[in-house]
Amino acid sequence: MKRQSRAGQLRGFREHFYRQVVDAQADQPLRVLAYSLIPSPRARPDEDWGTLQAEADQLGYAIAARLHDVAVPVTTTYLPASSASQGVYTPPWDRPGWREAERQLRAGLADGVLVLDRHTISSDDDEYRAVIKHLGEHYRAFLHLVISEEPDAPT
């Protein structure tokens, strides 16, 4: 029996909270916050938002708001008990756009957050898992990725 990969475990964990939201939702479209992490202050999130809008349209999600942050490297790469030592960025909860996303979720203005990929949230598995858990347990919200943690195997 093949052991499930870490990416597969994270995907299953994320999908667990998605199912909880869908099961509790009436016949209304799910409302999502389109969230983007851009590489520099001069970059614009327009291309990301086009991709996020296309995904929302395909799945029948209604975009409640568009939010973004600039990826800012952390000055130190010391992270105890973490495998992440390169390309470390500000954790999502320290980003102003992400804090606004949480405020809107707390206010009940959206059911989830739509992002391009898991690295928009965090490349660190433990940090990424903590964000999924926080969204699901505190806001009864889900995280949807355009590019999944682990692509489906061909059949």
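How many aromatic pairs does the count come to? In this predicted model, the count comes to 4 aromatic pairs.

Take Tyr18 and Phe142 to begin with. Their rings pair up edge-to-face, with 5.1 Å from centre to centre and 80 degrees between the planes. The two partners come from distant parts of the chain: Tyr18 is in helix H1 (residues 6–24), while Phe142 is in strand E4 (residues 142–145), and 124 residues separate them. Their surroundings can be read from the accessibility values. Tyr18 has 29% relative accessibility, so it counts as partly exposed. Phe142, on the other hand, has a relative accessible area of 0%, so it is buried.

Phe142 also pairs with Tyr61. Here the ring centres are 5.8 Å apart and the planes meet at 55 degrees, which means the pair is tilted. This is another link between distant parts of the chain: Tyr61 belongs to the loop between helix H2 (46–59) and strand E2 (62–70), Phe142 belongs to strand E4, and the two are 81 residues apart. Tyr61 counts as buried because its relative accessibility is 8%, and the cut-off for buried is under 20%. Put together, Tyr18, Tyr61 and Phe142 make up one aromatic cluster.

Aromatic rings turn up next to charges as well. Arg118 has its charged end over the ring of Tyr128, at 4.4 Å from the ring's centre. Over the face of Phe13 lies Arg129, and the distance to that ring centre is 3.9 Å.

Then there is Arg95, found in the loop between E2 and helix H3 (96–106). What is the nearest side chain of opposite charge to Arg95? That side chain is Asp69, 5.1 Å away. A salt bridge needs the nitrogen and the carboxyl oxygen within 4 Å, and Arg95 has no salt bridge even though it is buried. Its side chain does make a polar contact, though: the partner is the side chain of Tyr35, at 3.2 Å. Leaving aside residues up to four places away in sequence, Arg95 touches Tyr35, Leu37, Asp69, Thr90, Thr120 and Ile121. Asp69 and Tyr35 are thus both on the list of residues that Arg95 touches, with Tyr35 as the polar partner and Asp69 as the nearest side chain of opposite charge.

Note on methods:
Residues numbered from 1 in each chain as written. Predicted model: local features only at pLDDT ≥ 70, side-chain atom pairs only at ≥ 80, totals over all residues. Heavy atoms only, no water. Phe/Tyr/Trp six-rings, centres within 6.5 Å; stacked < 30°, edge-to-face > 60°. Helix = DSSP H or I, 4+ residues; strand = E, 2+ residues; numbered from the N terminus. Buried < 20%, exposed > 50% of the residue type's maximum accessible area, 1.4 Å probe, protein only. Lys NZ or Arg CZ within 6 Å of the ring centre and 35° of its normal. Lys, Arg positive; Asp, Glu negative; His and termini not counted. Polar contact = N/O pair within 3.5 Å; in protein donor to acceptor, adjacent residues only side chain to side chain. Contact = heavy atoms within 4.5 Å.
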